[in-house]
Amino acid sequence: MPPFDPRKSTAGTASGSGGVQSLERAFGLLERMADAGGETGLSELAASSGLPLPTIHRLMRTLVACGYVRQQPNRRYALGPRLIRLGEAAARPLATWARPHLARLVEGTGETANMALLDGDEVVYVAQVPSRHSMRMFTEVGRRVLPHCTGVGKALLAGLPDREVRALLHRTGMPAATERTITSPDAFLTALVAVRETGFAVDDNEQEIGVRCIAVRIPGSPTAAAISVSGPAGRLTDQATDKLVPLLKEVAGDLSTLLASPAREPDGAGRRAPADGEVGH
């Protein structure tokens, strides 16, 4: 699914509602700020959105007043702390929806299955179903990590243009978690070429020695998301990887369909009452 573009959205235009248009534009600006790493200036927003500066300034004033954006001492704007609460609340039902699909991965691979999102410059784990093996991997839901040393991070960044990946790596740095961690932007971009060609990413002892992780991006997700299986390197061999990647891609496709499905309207919003013999839902 392409990024939301308020200039191309047609939702609500039939009513000619300025309020609907302002809402669309405000959300579009928030998404552009997130794409820019969480902080940007008015001129950058004008260049990326195509909206007039006075319109952007008015919308940003409203977002600041509501706590969704804050203005820095240098006059630039940053995403505000009130968004954290919304994001955490949104992640809870997402984890509930994803868990049965992750359970399929555990059933089919025997290893721990994870789901992660790209949140700003970091990867955040939002769901997990553990392996039944006594020796298994565990990642705390809610944990945040830098993307350059994880399988899910590689899978997520492979969906971005190289210039955006370089900018992100410049902001975060590339600290070594192990001696196997990729710490060069050029080497990381080379690794992403293979991820794009094969459709899956590998963390080969790069975050923790003795642990491997195989990950794929969820195609068409409204926010960048990936799933993975992780386990001891002795079990997640190259031969095992060849067998489990098709299942990973299948589950990612099912999750893509789930996440792309339109949400139901609130009760009473634009729906008729069920006729006799029908079940309302």
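Student: Before I count anything, what counts as a helix or a strand here?
Tutor: Helices are DSSP runs of H or I with at least four residues, and strands are runs of E with at least two. This is a predicted model.

Student: OK, how many helices and strands are in the protein chain?
Tutor: The protein chain has eight helices and nine strands.

Student: How much of the chain is buried?
Tutor: Of its 281 residues, 40% count as buried.

Student: Let's look at α3. How does its length compare with what its 14 residues should span?
Tutor: The two agree, because 14 residues at 1.5 Å a residue should span 20 Å, and the end C-alpha atoms of α3 are 20 Å apart.

Student: Which residues of α3 are buried?
Tutor: T55, I56, L59, M60 and L63. They cover an arc of only 125 degrees around the axis, so they sit on the same side of α3.

Student: And what is on the face turned away from that side?
Tutor: That face carries P54 and A65, which are exposed.

Student: What happens just after α3?
Tutor: G67 takes a positive phi there, about 90 degrees.

Student: New topic. At what angle do α2 and α3 pack?
Tutor: Helix α2, residues 42-49, and helix α3, residues 53-66, pack at about 115 degrees, and their axes are 10 Å apart. The crossing is right-handed.

Student: Which residues make the contact?
Tutor: From α2, L42, S43, L45, A46 and S49; from α3, L53, I56, H57 and M60.

Student: What classes are those?
Tutor: Six are nonpolar and three polar, with no charged residues.

Terms used: Residues are numbered from 1 along each chain as its sequence is written. This is a predicted model: local features need pLDDT of at least 70, side-chain atom pairs count only at pLDDT 80 or more; totals for chains, interfaces and linings use all residues. Side-chain values use heavy atoms; hydrogens and water are left out. Axes are lines fitted to C-alpha atoms, for helices over the stretch in contact, and angles run from 0 to 180 degrees between N-to-C directions. A crossing is left-handed if the near helix is turned anticlockwise from the far one by less than a right angle, and right-handed if clockwise. Contact means heavy atoms within 4.5 Å. Ala, Val, Leu, Ile, Met, Phe, Trp, Tyr, Cys and Pro count as nonpolar, Asp, Glu, Lys and Arg as charged, and the others, Gly among them, as polar. The expected span of a helix is 1.5 Å times one less than its number of residues. Buried means under 20% relative accessible area, exposed over 50%, partly exposed in between (1.4 Å probe, protein chains only). The arc is that of the directions from the helix axis to the C-beta atoms.
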